[in-house]
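Thank you for making time this morning.

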Amino acid sequence: MSVAQTPTAARAPATALAEWRFPVEGMTCASCVARVEKALAGTPGVAAASVNFATEEASVKAEGGVSMATLKAAVEKAGYAVGEQSLRLGIGDMTCASCVSRVEKALRQVPGVLSAEVNLATETAEVKTAGGGNTLRQLLAAVDKAGYRAWEMQAVSTQAGAAAKPGASWWPIALAAAFSAPLALPMFGMLAGKSWMLDGWLQWMLATPVQFWLGARFYKAGWKAVRAGTGNMDLLVAIGTSAAYGLSVYQLLVHGDHGMAHLYFEASAVVITLVLLGKWMEARAKRQTTEAIRALNALRPETARRRLDGQDQDIAIAEVRVGDLIVVRPGERIAVDGEIIEGATEVDESLITGESLPVNKHAGDHVTGGAVNAEGLIVVRTTAVGAESTLARIVRMVESAQAKKAPIQRLVDQVSAVFVPVVLVIAAITLLGWGLATGNWETAILNAVAVLVIACPCALGLATPTAIMAGTGVAAKHGILIKDAEALEVAHKVKIVAFDKTGTLTEGKPELVALEPLGESRESREAVLAWAAAIQAGSEHPLARAVTALALKERVGVPGASQVRAVAGRGMSALVEGRELRLGSPRFMQELGVDMS
């Protein structure tokens with residue numbers, strides 16, 4: 001189903017009618033059709049509306065000023081719903097908060113778009129459209145026309161350890177610093193009464209590569225902004241540093257033969273170096289805040305062992321289909337959501353439930369992809385793969401929370417939308433005010449440059465989304481999933497927290513707090529502890545670690561064990577100091593006929 005303006009409507013005069021087509025959900029009979037048609041026809045600006053009950057599609061002819069949001073509101077008021085589709089786009093070449101508002105504006109102007117939210121920190125856009133069809137192509141074209149790059153993002157990476165985005169290169173900053181240092185150091189010499197000033201032409205040779213090679217990114221991004229009829233941080237930097245550089249070149253050409261001219265090459269070079277450093281730190285911070293997503297993706301194995309016609313074969317996780325039989329060996333992560341059809345084991349599901357202790361699983365029990373199979377070999381029938389798996393849904397929830405905007409961020413976006421034009425106006429007023437008032441246009445230009453380069457709106461766009469990403473990322477690492485940014489913003493108002501699962505309120509690791517052997521002598525207790533530690537010395541089970549930790553703490557000598565064998569879902573058996581020992585659950589003891597009364 002597609003939502004689009006007809007080509008003729010797009011080329012026609014403003015008075016021509018545009019045609020909209022979109023799906024309508026919730027209709028059950030012919031009277032529903034009449035109700036929806038009446039609601040749409042009654043919307044101001046709508047010339048004609050027709051609804052097809054068989055295809056559940058509405059066709060509307062309306063004036064150019066009518067938006068999809070208006071039509072959606074009319075359908076919902078009638079008691080029905082417009083079919084929605086959510087798209088996630090990657091957005092490239094954004095540099096500041098004003099870029100966010102520009103991309104959002106371009107996306108919202110695409111026919112069929114209900115809402116669009118762009119996040120500078122994650123460099124993503126969350127777009128809701130009515131229907132689907134060619135809307136994606138229109139969205140990508142709209143972003144490209146606005147001067148940025150866009151691409152469709154997959155909901156969840158198919159690779160377990162979704163590769164981290166390469167960090168920004170550090171060498172441009174190092175090179176810019178190397179060129180800028182000889183220009184800036186003479187200023188410190190002046191404080192000590194020393195004259196370390198370089199020759200004017202040597203200063204020009206050092207500043208030029210910084211300005212036009214290492215700083216080329218600011219000119220490119222600034223030019224895109226000018227072509228789009230707007231401004232951004234890069235434009236401020238380009239204008240400011242170019243003014244300082246141009247003034248220095250002018251002074252060098254005009255006054256260079258009459259002694260040392262007043263040059264400001266160090267100002268332009270140092271500003272570009274510092275902004276490049278800020279950009280590198282910004283990219284590094286963005287990369288670190290997405291570690292939670294990468295950590296969750298890393299829980300998903302890259303391969304699975306599929307059993308087909310009695311043969312086991314390792315295949316890529318993307319090739320697994322619902323109904324496939326997957327073999328999971330002890331110690332491996334379960335590759336898919338599914339149901340055990342063969343075998344018994346203990347499964348560490350702490351990533352889902354928060355429970356620190358493994359859970360006994362038998363044939364017929366459900367297991368979750370990403371959980372760890374502790375002991376036995378099991379065969380699992382796949383019930384969910386890819387984006388429908390539990391782990392994928394958790395990843396989506398964290399990504400959604402990081403991409404959503406907090407209420408305070410919407411206010412910031414409103415400010416940043418007019419920030420750059422206001423800064424340019426203030427810089428112009430500064431230039432004219434100082435120049436006309438003092439007649440010293442050299443100082444006027446420097447003060448205007450200061451306004452331009454200091455007033456970069458980077459922090460406006462990055463502070464809130466970066467804080468949200470950091471908060472949701474840290475929470476995800478500790479097993480806490482935050483639904484959206486608004487919930488995180490109002491969390492500071494929480495006074496009381498109620499937990500309905502007392503079993504999860506633990507340190508995450510068991511501790512042996514009581515040992516009661518049959519008999520009251522200390523030797524008997526030490527012997528029991530030593531035997532238990534011997535049986536479990538090579539086990540990674542949380543309960544085994546608790547026993548061995550107590551033996552180490554009490555400096556109990558642990559004898560060697562042989563013929564160690566795990567009894568799935570029950571416990572362990574071994575031969576210690578000539579004794580055949582069993583260790584396990586109460587059910588295991590009952591099966592062995594042990595009197596525990």
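This is a predicted model: local features need pLDDT of at least 70, side-chain atom pairs count only at pLDDT 80 or more; totals for chains, interfaces and linings use all residues.

Let me begin with Arg-582, which forms a salt bridge with Glu-580, the closest N and O atoms being 2.6 Å apart; by salt bridge I mean a side-chain nitrogen of Lys or Arg within 4 Å of a carboxyl oxygen of Asp or Glu. Arg-582 counts as partly exposed at 34% relative accessibility, while Glu-580 is exposed, with a relative accessible area of 59%. Here buried stands for under 20% relative accessible area, exposed for over 50%, and partly exposed for what lies in between, with a 1.4 Å probe and protein chains only. Elsewhere, salt bridges that share partners join Lys-72, Glu-76 and Glu-84 into one network.

Residues are numbered from 1 along each chain as its sequence is written, and side-chain values use heavy atoms, with hydrogens and water left out.

The side chains of Arg-108 and Glu-104 meet in one of 3.7 Å, N to O, and being four residues apart in helix α4 (residues 97–108), they are separated by about one helical turn. Arg-108 is partly exposed, at 46% relative accessible area, but Glu-104 counts as buried, at 5%. The side chains of Arg-305 and Asp-314 also meet in a salt bridge, at 3.3 Å from N to O, and Arg-305 counts as buried at 12% relative accessibility.

Turning to strands, β19 (residues 571–576) is joined by six bridges to β20 (residues 579–584), and the two run antiparallel. Helices (H or I, at least four residues) and strands (E, at least two) are DSSP runs numbered from the N terminus, and two strands pair if DSSP finds at least two bridges between them. Val-576 stands opposite Arg-579 in β20, and the hairpin of β19 and β20 has two residues between its strands, with Glu-577 in the turn showing a positive phi of about 50 degrees.

There is also an open sheet of three strands, in the order β14-β13-β16, with antiparallel pairing. Because β14 (359–361) and β16 (372–373) stand at the edges, each with a single partner strand, one side of each is left without a neighbour in the sheet. Two bridges join β13 (residues 345–348) to β16, and the bridge partner of Asp-348 in β16 is Val-372.

Finally, how far apart are the end C-alpha atoms of helix α7? They are 21 Å apart, which agrees with the 21 Å that its 15 residues (200–214) should span at 1.5 Å a residue, the expected span being 1.5 Å times one less than the number of residues. Even so, α7 bends by about 30 degrees at Ala-207, and a proline, Pro-209, follows within four residues; the bend is the angle between axes fitted to the seven residues ending there and the seven starting there.
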